[in-house]
Every structure is written in structure tokens, then in C-alpha cells.
Amino acid sequence: MTLSVSGLNAHYGPAHILFDVGFEVGEGEVVAFLGRNGAGKSTTFRSLVGLVPRREGRILFRGTDIAAKPTHEIARAGLGYVPEDRRIFTDLTVEENLAVGLQPPRPGAPTWTPERLYALFPNLAEMRRRPGGRMSGGEQQMLTIARTLMGNPSLVLLDEPSEGLAPKIVEQMADAILAMKREGLSVLLSEQNLHFARLISDRAYIIETGRIRFGGTMAELAAQPEIRDAYLAV
Amino acid sequence: MSAPLLQVEGLAKSYAGVQAVRGVDFTLEAGGILALIGPNGAGKSTCFNMLNGQIRPDAGRVRLEGQDITGLAPRRVWRLGVGRTFQIAATFASMTVRENVQVALLSHHRRFGLGFAGRAYRAEADALLDLVGLGEAAERACGELAYGDVKRLELSIALANAPKLLLMDEPTAGMAPRERVALMRLTAEVARQRRIGVLFTEHDMDVVFEHADRIMVLNRGALIAEGSPDAVRHDPQVRAVYLGDGLVYDARHREGVPA
């Protein structure tokens with residue numbers, strides 16, 4: 001198991017946000033974290049990488065409990081995180097943004113180079129010298145993922161990777177995620193676009209008001225329309 | 001014949017030698033729902049910002065009911081009846097839902113000088129909240145609302161200005177699928193009732209194909225297609241640059257089967 005989370009609780013100030021959240025991501029698995037806006041998807045991701053100050057529970061990442069570790073140690077352990085708001089370096093070029101993300105190869109995780117990433121995201125290959133600030137939203141999203149892969153993670157968290165992107169770019173994103181999976185990378189992504197999630201995911205969890213309401217394969221989810229209806233508003 | 005609600009001719013804008021928008025022409029009639037779609041970075045936001053005065057075009061004309069409004073300041077364009085909603089809703093989180101609409105009504109009636117007593121335009125505010133289905137939430141703090149409700153509140157704030165034309169920049173971004181379609185259905189109903197023209201950008205094709213009566217496609221700053229949802233859906237060039245294989249939106253929109 002790449003990631004195994006149990007009894008995760010998180011708080012922002014006095015507000016209790018996550019309630020005993022538990023889920024797993026297997027090696028080389030693509031898992032979708034589904035739920036409405038405000039359900040707790042981003043808070044879960046931020047808790048995993050140590051960006052929520054008050055969190056309790058067990059977060060086993062490749063056998064080590066990272067629940068009490070600071071963010072930079074979690075990143076160095078091989079857990080990559082692509083936040084919703086992308087955050088590229090706007091003054092740096094595509095090449096330079098990639099160079100910033102470079103980490104040594106990691107045993108048991110795929111090793112990436114700029115050339116391999118340009119093959120994964122052909123749009124980026126056409127603009128190696130372009131400053132990040134002059135790229136479109138879709139290109140920036142690809143660059144953030146590519147920069148994270150430069151750290152050679154064994155698991156990446158993608159927070160709403162399809163949001164605000166053109167349909168054609170969302171399809172390219174789906175292809176890229178499937179290619180990442182073929183390399184043996186594990187992927188946990190949060191999504192509201194069920195069409196997209198269905199294309200790429202092996203399994204899904206549904207989170208609602210900070211609690212896990214469903215966990216199962218995509219086929220099991222498809223067979224239970226009442227669950228989709230109640231928690232996803234599709 | 002009277003002038004169309006919105007008439008745009010030869011609209012163009014360059015940044016540092018890059019042509020962001022190159023000669024865009026279109027018209028929109030009162031009560032019409034027009035979608036502007038296209039790849040990320042195609043120039044949609046620049047177009048929007050030129051229509052409501054936030055960016056001055058290098059060339060071209062924008063006419064509202066025949067009146068030239070090109071290059072007017074945003075607040076003057078707003079006073080002439082051009083409303084706008086944003087990708088990230090702009091509301092006052094610490095005020096109640098009703099107060100948010102009251103502030104918009106005070107501004108619309110140019111009554112800011114009187115101060116904000118809490119009673120001003122209360123009935124009018126409640127009528128607008130009922131219209132968007134937020135009547136029950138009038139007393140709640142805006143910051144406590146679910147995201148879909150904030151977007152509906154934003155619509156009622158825009159309607160408080162009694163707009164002739166409503167510009168909506170990715171109105172359903174960040175919403176759950178059913179909330180998205182519901183928000184645009186509501187917008188379309190109100191717009192047709194009140195003869196408001198709506199121009200919106202959107203990446204969710206389920207929303208676009210269901211609610212737009214016309215679609216324009218912008219690519220690299222130029223319109224490459226314009227027409228009914230059905231015509232645009234089957235346009236090979238639009239598929240190549242934007243729609244792709246249609247795997248990430250509802251199949252019935254891909255095939256053109258009526259809902």
C-alpha cells in the first residue's frame with residue numbers, strides 16, 4: 001500500500017473540518033476523491049502534506065507514519081502535491097520551472113527528466129523558453145504537474161486538475177495521468193467532473209461534510225446512482 | 001428596425017506585440033443567451049474586459065442599443081446597464097445575504113449618500129432573493145453559504161442593477177454538476193423573462209450545450225465559428241482546437257441528441 005490513512009481529523013481554528021477520514025491508495029493505482037465544493041477534498045490533501053496546522057490521525061506513506069512530519073520532509077519522502085491554484089513561477093521559463101523541481105531519483109518510483117516530461121506534455125515542449133506568466137491556464141496546470149514529477153515522487157496528489165480547462169486539454173490531462181500510471185506512479189486526485197474521473201480512476205471515495213461516505217471501484221459507484229445523487233449532485 | 005442590444009465590430013487588442021484579440025464582430029439581441037467558448041488563453045477574458053470598460057481596445061467599436069460605449073470607464077458602462085459576474089464570486093462575506101443585495105440596490109438607485117440603515121430596499125432585495133431561490137437564507141451571513149448559493153447570490157446582486165446586458169465569466173466554475181446546470185437554467189429563465197442579453201464564457205459543455213441559444217468559438221484571438229449549439233458541436237475545426245473527442249462531457253451533447 002502506498003498510502004494508508006485512518007482516523008484523520010483536521011481543524012481550522014475552532015472549526016472541525018475532517019472527521020475520522022480513512023482511505024487507501026495502492027501502488028500504481030489512480031484513486032479519485034470525489035465531493036462537492038467545501039466537502040473537505042482540499043483539506044484532506046492539505047492535511048496529508050502537513051499544511052493544516054491541527055491534524056490528528058495516522059498517515060502511513062510507504063510504511064512510515066508522516067502525520068507529525070513537516071511539509072518539506074513529506075515532500076522529500078516522495079509525496080508530490082499539486083494544489084488547486086497551480087502556483088508556477090511566473091518569471092521563470094518552462095525549463096527553469098522544471099529545474100526548480102529536480103530531486104535525486106528515488107528507489108521504487110519512476111524517474112523523470114525534462115525530455116520525458118515533454119513527451120508526456122507535448123504542449124510544454126513547444127514553449128520551453130516561455131515565461132510561466134505568459135502561459136494559458138491549461139499549460140500552467142501541465143507545468144505544475146511536470147514540475148512536481150521532477151521530484152520523482154511515488155505518489156502525487158492532484159487537486160481538481162481538470163477545473164477551468166478546455167475539454168480538449170482535459171482529455172490530454174487524462175492521457176497524461178494514464179501514462180503516469182503506466183510508469184508505476186500512484187495518483188490521488190480530487191474531482192467534481194465525473195466524466196473525467198471515470199476515464200482514469202481505478203477506485204473512488206466520496207467525501208461529504210468532512211466524512212467518507214463511499215469507497216469502492218468505479219463500477220460499484222456507477223451501479224449506485226443514489227449515492228452519486230446524494231453526495232455529488234450530478 | 002431598432003439597434004441590437006449589443007453590437008461589437010472589429011474589436012482588437014495587442015499586448016507587447018502579441019495579438020490577444022484580432023477583429024472580433026458579433027451582435028446579441030435582448031433575451032438572447034450567447035456563449036463564448038475557446039481554448040484557455042484564446043482571448044475570452046480580454047474580450048470581456050473590453051466590453052465592460054476594464055481594458056481599452058486598440059481598435060473596434062462596442063455599441064449598447066446603438067450607443068457607442070467603447071473605452072468608457074467600467075462604472076459608466078455599469079450605469080448604462082451592463083452587469084458582470086466573476087469567476088470567483090465577489091460578495092461581502094461578513095454581511096448577511098439580504099444586506100449584500102441591499103448594498104447593490106443602494107448603489108443602483110444612487111443612494112449611497114443616505115448611509116446604510118438596514119431597511120433600505122428591503123422588499124426589493126427579498127424579491128430578488130426569492131427569484132434566485134435564496135429567500136430562506138436572507139438573514140444568514142454570506143460567508144456561511146455553500147458555494148453554489150454564493151453564485152446564486154452573485155446573480156441576484158447583478159440583477160439588482162436591472163441590467164440590459166449581463167456578462168458572466170465562467171459562472172459555474174467550481175460548482176457540482178447539478179448546481180451548474182441549475183444556475184444556468186435559472187439565469188436563462190430570468191434573462192428571457194426580463195429581456196436581458198447574456199454573454200457567458202464556460203468550459204463545461206454540459207452547461208453550454210444545454211442553455212446557450214448561440215455559441216461563438218474564439219481561437220488565438222479570432223472567431224472561428226459561430227452558430228447554434230448543434231452546428232458548433234459538429235464543426236470539425238472546433239472539435240480539433242477545443243472540444244476534442246467529447247469524452248469529458250455528457251454523451252447526449254456529444255451526439256446531439258435532444259435532452
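In which order do the strands of the open sheet of four strands in chain A stand, and in which sense do they pair? The order is 2-1-4-5, with antiparallel pairing; strands are DSSP runs (E, at least two residues) and helices likewise (H or I, at least four residues), numbered from the N terminus, and two strands pair if DSSP finds at least two bridges between them. The model is predicted: local features need pLDDT of at least 70, side-chain atom pairs count only at pLDDT 80 or more, and totals for chains, interfaces and linings use all residues. Residues are numbered from 1 along each chain as its sequence is written, while chains are lettered from A and ligands numbered from 1 in the order in which they are written.

The edges of this sheet of chain A are strand 2 (15-25) and strand 5 (64-65), each of which pairs on one side only. Within the sheet, seven bridges link strand 1 (residues 3-12) to strand 4 (residues 54-61) of chain A in the antiparallel sense. A:His11 has A:Arg54 of strand 4 as its bridge partner.

Chain A contains ten helices and ten strands. Its radius of gyration, taken over C-alpha atoms, is 17 Å, close to the 17 Å that the globule rule (2.2 Å times the number of residues to the power 0.38) gives for 234 residues, so chain A is as compact as a globular protein of that length. The C-alpha trace of chain A spans about 45 × 35 × 35 Å along its principal axes. Of the 234 residues in chain A, 48% are buried; a residue is buried if 20 or more other C-beta atoms lie within 10 Å of its own, exposed if 12 or fewer, and partly exposed in between, with C-beta atoms placed from the backbone. Among the contacts in chain A with a separation of 6 or more, 68% are between residues 24 or more positions apart, two residues being in contact if their C-beta atoms, placed from the backbone, lie within 7 Å. The loop between helix 6 and strand 7 (155-159) of chain A holds A:Asn152. Phi of A:Asn152 is near 50 degrees, a positive value in a residue other than glycine, and this residue counts as buried because it has 21 C-beta neighbours inside 10 Å.

The C-alpha trace of chain B extends over about 55 × 40 × 40 Å along its principal axes, and 45% of its residues count as buried. Strand 3 (residues 33-37) of chain B is largely enclosed by the rest of the structure, because four of its five residues are buried. This strand pairs in the parallel sense with strand 8 (residues 197-201) of chain B over four bridges, where B:Ala35 stands opposite B:Phe200. Strand 3 of chain B also runs parallel to strand 9 (residues 214-219), to which four bridges join it; there B:Ile37 has B:Val217 as its bridge partner. B:Arg220 lies in the loop between strand 9 and strand 10 (222-227) of chain B and has a positive phi, near 45 degrees.

An automatic or database domain assignment divides chain B into domain 1 (1-81 + 164-186 + 197-259) and domain 2 (90-162). The centres of the two domains of chain B, taken over C-alpha atoms, are 27 Å apart. Ten residues from domain 1 and eight residues from domain 2 of chain B form the contact. Helix 6 (residues 177-194) of chain B gives the most to the domain 1 side, with three residues.

The contact between the chains takes 24 residues from chain A and 22 residues from chain B. On the side of chain A that touches chain B, helix 7 of chain A provides the largest share, five residues. That side comprises eleven nonpolar, nine polar and four charged residues; Ala, Val, Leu, Ile, Met, Phe, Trp, Tyr, Cys and Pro count as nonpolar, Asp, Glu, Lys and Arg as charged, and the others, Gly among them, as polar.

The largest nonpolar core has 141 residues, of which A:Ala146, A:Val187, A:Leu188, B:Cys47 and B:Val217 touch the most other members. Such a core is a set of buried Ala, Val, Leu, Ile, Met, Phe, Trp, Tyr and Cys residues joined through C-beta atoms within 7 Å. Apart from residues up to four places away in sequence, A:Ala146 touches A:Leu98, A:Leu117, A:Phe121 and A:Leu124.
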